[in-house]
Amino acid sequence: MANSLRGEVLNLYKNLLYLGREYPKGADYFRTRLKAAFLKNKDVKDPEKIKQLIARGEFVIKELEALYFLRKYRALKQRYYSDD
C-alpha cells in the first residue's frame with residue numbers, strides 16, 4: 001500500500017471511530033464491527049481497490065452524520081411540537 005493511501009485509511013478509521021461514539025447500538029458494538037471490516041480488507045494491495053474502499057468508508061461517514069442529524073431533529077421536534 002502506498003504511504004499516501006495508508007494515511008488516508010488511518011484518517012478514515014479515526015474519523016469512523018470518533019463518529020461511532022454516538023452510535024445507537026453503542027460504541028462497543030460499532031468499534032467491533034469497524035475493526036472487523038478493516039481487518040477483512042487488510043490484505044488488499046491494489047491501489048484502485050483501496051480507493052474504492054476509502055470511498056465506501058466516506059459514504060458510511062455521510063450516512064452516520066445524516067443519522068445523527070435526524071436523531072437530533074426528531075428530539076427537537078418532540079420537545080417543541082405536540083402530536084395533537
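From the N terminus on, the elements of this chain run α-α-α, where helices (H or I, at least four residues) and strands (E, at least two) are DSSP runs numbered from the N terminus. The radius of gyration, taken over C-alpha atoms, is 16 Å, well over the 12 Å that the globule rule gives for 84 residues, so the chain is more spread out than a compact globule; the rule itself is 2.2 Å times the number of residues to the power 0.38. The C-alpha atoms fill a box of roughly 60 × 20 × 15 Å along the principal axes.

The model is predicted, with local features needing pLDDT of at least 70 and side-chain atom pairs counting only at pLDDT 80 or more, while totals for chains, interfaces and linings use all residues. Residues are numbered from 1 along each chain as its sequence is written, and side-chain values use heavy atoms, with hydrogens and water left out.

Of the 84 residues, 18% count as buried, that is, under 20% relative accessible area (1.4 Å probe, protein chains only). A nonpolar core is a set of buried Ala, Val, Leu, Ile, Met, Phe, Trp, Tyr and Cys residues joined through side-chain atoms within 4.5 Å.

| Core | Residues |
|---|---|
| Largest, eight residues | L12, L16, L19, F30, L34, I61, L64 and Y68 |
| Second, separate, five residues | including L5, V9, V44 and I50 |

To the largest core, α1 (3-19), α2 (27-40) and α3 (47-80) each supply at least two residues. Leaving aside neighbours within four places in sequence, L34 is in contact (heavy atoms within 4.5 Å) with Y13, L16 and L17.

Note on methods:
Buried < 20%, exposed > 50% of the residue type's maximum accessible area, 1.4 Å probe, protein only.
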